[in-house]
Amino acid sequence: MAIPSGTGTEVLKRTTIHAQSNTATAFRWDGTMATTGTSTYTVTANHIITVINVIFNEQANASEEINLYMNDGSNNIQILQSQALPAYGAFVWNDRLVLTAGDKLIFNAGSSANIDAICNYIDQDFT
């Protein structure tokens with residue numbers, strides 16, 4: 001990514017994944033909901049994404065384990081590994097994470113599940 005020129009926008013946004021199971025799904029950064037099972041969505045060129053938090057909610061009355069990781073184009077970097085999520089419960093990952101062009105933020109469950117996730121983030125757009 002080039003060094004920002006001083007022009008651009010910085011907007012607070014959210015993205016979601018609905019009814020996630022054990023197939024990896026990447027969050028989308030274009031304002032639309034991710035298609036469950038699609039792990040190819042990346043941060044586009046000339047954007048910096050600052051993840052503020054991710055909220056996970058279990059929808060099927062079954063205890064689950066969740067995984068959240070970043071892919072930098074070559075490597076999966078684990079953020080949450082087998083994090084417990086109680087039946088009908090919620091878990092909030094409340095740490096900051098910066099993603100740049102080509103990065104993916106990917107979520108899956110340890111077994112067949114029904115989990116919703118909301119990611120709140122800041123999109124710095126220098127296109």
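1. Ground rules. This is a predicted model, in which local features need pLDDT of at least 70 and side-chain atom pairs count only at pLDDT 80 or more, while totals for chains, interfaces and linings use all residues. Residues are numbered from 1 along each chain as its sequence is written, and side-chain values use heavy atoms, with hydrogens and water left out.

2. Strands here are DSSP runs of at least two residues, numbered from the N terminus.

3. Aromatics. Rings of Phe, Tyr and Trp (its six-membered ring) pair if their centres lie within 6.5 Å; planes under 30 degrees apart count as stacked, over 60 as edge-to-face and the rest as tilted. That rule gives four aromatic pairs. Phenylalanine 27 and tryptophan 29 make a tilted one, at 6.3 Å centre to centre with 40° between the planes. Phe27, Trp29 and Tyr121 belong to one aromatic cluster.

4. Leaving out residues up to four places away in sequence, the contacts of Trp29 (heavy atoms within 4.5 Å) include Thr15, Val51, Leu105, Tyr121 and Asp123.

5. Salt bridges. The whole structure has two, where a salt bridge is a side-chain nitrogen of Lys or Arg within 4 Å of a carboxyl oxygen of Asp or Glu. In one, aspartate 123 meets lysine 13, with the closest N and O atoms 3.2 Å apart. Aspartate 123 sits in strand E9 and lysine 13 in strand E1 (residues 9–20), so this pair ties together parts that are 110 residues apart in sequence. Aspartate 123 is buried at 3% relative accessible area, whereas lysine 13 is partly exposed at 30%. Arginine 28 bridges to aspartate 30, with the closest N and O atoms 2.8 Å apart; aspartate 30 is partly exposed at 48% relative accessibility.

6. An open sheet. Four strands line up in the order E2-E8-E4-E5, with antiparallel pairing. Strand E2 (25–26) and E5 are at the edges with a single partner strand each, so one side of each has no neighbour in the sheet. Pairing takes at least two DSSP bridges, and two join E2 to E8. Alanine 26 stands opposite isoleucine 106 in E8.

7. Glutamine 20. Worth a look: glutamine 20 lies in strand E1 and is buried at 0% relative accessibility. Its side chain reaches the backbone oxygen of threonine 23 at 2.3 Å. Beyond residues up to four places away in sequence, glutamine 20 touches Thr25, Thr36, Phe107, Asn108, Ala113, Asn114 and Ile115.

8. Glycine 31. Glycine 31 is in the loop between E2 and E3 and counts as exposed at 59% relative accessibility. Its C-alpha atom is 12 Å from that of isoleucine 118, 87 residues apart along the chain.

Terms used. Buried means under 20% relative accessible area, exposed over 50%, partly exposed in between (1.4 Å probe, protein chains only). A polar contact is a pair of N or O atoms within 3.5 Å; within protein, one must be able to donate a hydrogen and the other to accept it, and residues adjacent in sequence count only if both atoms are side-chain atoms.
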